[in-house]
Amino acid sequence: IKNFSLLQATYTVTLTPLSLAVTSAPASQTFTNIPIFQTQSGSLAYTIDPLTPSGTLLSFEISNDNGMHVRKDTIQITFVCPAPSGLFTNSITTSSANANWSALAGSTDYYISFKTAASSTWSTDALVSGTTTSLAGLNSNTAYNWRVRGDNCSNYSATQNFTTLQTCGIPNPSASSITSSSFVLSWPAISTATTYEVQRRQQGS
């Protein structure tokens, strides 16, 4: 704030939120005895609802009181919050997988949700501390999507995709045409297998 008067002056600046997304704002900040034509800097912090969509326009009334006159103006600020990036999935099994992402400045906790790729309904957001978590209770050989956001922002990351592993079938072999030096081993085909590995050992070894 700059003093344009011919004397030292004291100003009280008040920020009043006009948007419902703003949940709290400081009452005021006072700048005392500013010399003629000199400037003092300050800041007024405010808190917004963490579910506020990124890109929301926030409106405030800002007033400046010099003790004799109050001047008011309306200002608008576009709220922008980043989404997590660096997403990848590892340790994929038939029923679980690990979701990972890069740390987001200003966030220590995150909300993650997932769904099958065939569904349009996301799971309820789960609160996670850190930048990795396990997704459990999944179905085998199924495509899944997951997404994540910071705990102070409603802006979700890009969707990450993965597919769980397929459950292995177990052959049920039987031996026939047994001789002193050979036998024939056969088993019903497994629909998901194209090749098989056979191992043998002498009984008791």
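## Questions about a predicted model

Trp101 is buried, with a relative accessible area of 4%. This model is predicted, and the questions below start from that residue.

User: Which kind of aromatic pair do Trp101 and Tyr110 form?
Analyst: A pair of aromatic rings is described by the distance of the centres and the angle of the planes. For Trp101 and Tyr110, the centres are 5.5 Å apart and the angle between the planes is 70°. Planes over 60 degrees apart count as edge-to-face, so the pair of Trp101 and Tyr110 is edge-to-face.

User: Is Tyr110 buried or exposed?
Analyst: Its relative accessibility is 1%. Buried means under 20%, so Tyr110 counts as buried.

User: What is the angle between the planes of Trp187 and Tyr196?
Analyst: Trp187 is partly exposed at 28% relative accessibility, and Tyr196 is partly exposed too, at 34%. Their ring centres lie 5.3 Å apart, and the pair is edge-to-face because the planes stand at 65°.

User: Over which rings does Arg147 sit?
Analyst: Good one to look for in the structure. The charged end of Arg147 is 4.2 Å from the ring centre of Trp122. Arg147 also lies over the face of another ring, 3.8 Å from its centre. The two rings belong to Trp122 and Tyr156.

User: Which residue in β12 is the bridge partner of Tyr111?
Analyst: Let's start with the sheet, an open one of 4 strands in the order β10-β9-β12-β13, with antiparallel pairing. Its edge strands are β10 (126–129) and β13 (160–163). Strand β9 (residues 109–116) is joined to β12 (residues 143–150) by 7 bridges. Within β12, the partner of Tyr111 is Arg149.

User: With which side chain does the side chain of Ser91 make a polar contact?
Analyst: Ser91 is found in the loop between β7 (88–90) and β8 (97–100), and at 47% relative accessibility it counts as partly exposed. Leaving out residues up to four places away in sequence, Ser91 touches Ser96, Ala97 and Asn98. The polar contact, at 3.5 Å, is with the side chain of Asn98.

User: How many Å apart in space are Ser91 and Thr164, C-alpha to C-alpha?
Analyst: In sequence, Ser91 and Thr164 are 73 residues apart. In space, their C-alpha distance is 9.8 Å.

Note on methods: Residues are numbered from 1 along each chain as its sequence is written. This is a predicted model: local features need pLDDT of at least 70, side-chain atom pairs count only at pLDDT 80 or more; totals for chains, interfaces and linings use all residues. Side-chain values use heavy atoms; hydrogens and water are left out. Helices (H or I, at least four residues) and strands (E, at least two) are DSSP runs, numbered from the N terminus. Buried means under 20% relative accessible area, exposed over 50%, partly exposed in between (1.4 Å probe, protein chains only). Contact means heavy atoms within 4.5 Å. A polar contact is a pair of N or O atoms within 3.5 Å; within protein, one must be able to donate a hydrogen and the other to accept it, and residues adjacent in sequence count only if both atoms are side-chain atoms. Two strands pair if DSSP finds at least two bridges between them. Rings of Phe, Tyr and Trp (its six-membered ring) pair if their centres lie within 6.5 Å; planes under 30 degrees apart count as stacked, over 60 as edge-to-face and the rest as tilted. A charge sits over a ring if NZ of Lys or CZ of Arg is within 6 Å of the ring centre and within 35 degrees of the ring normal.
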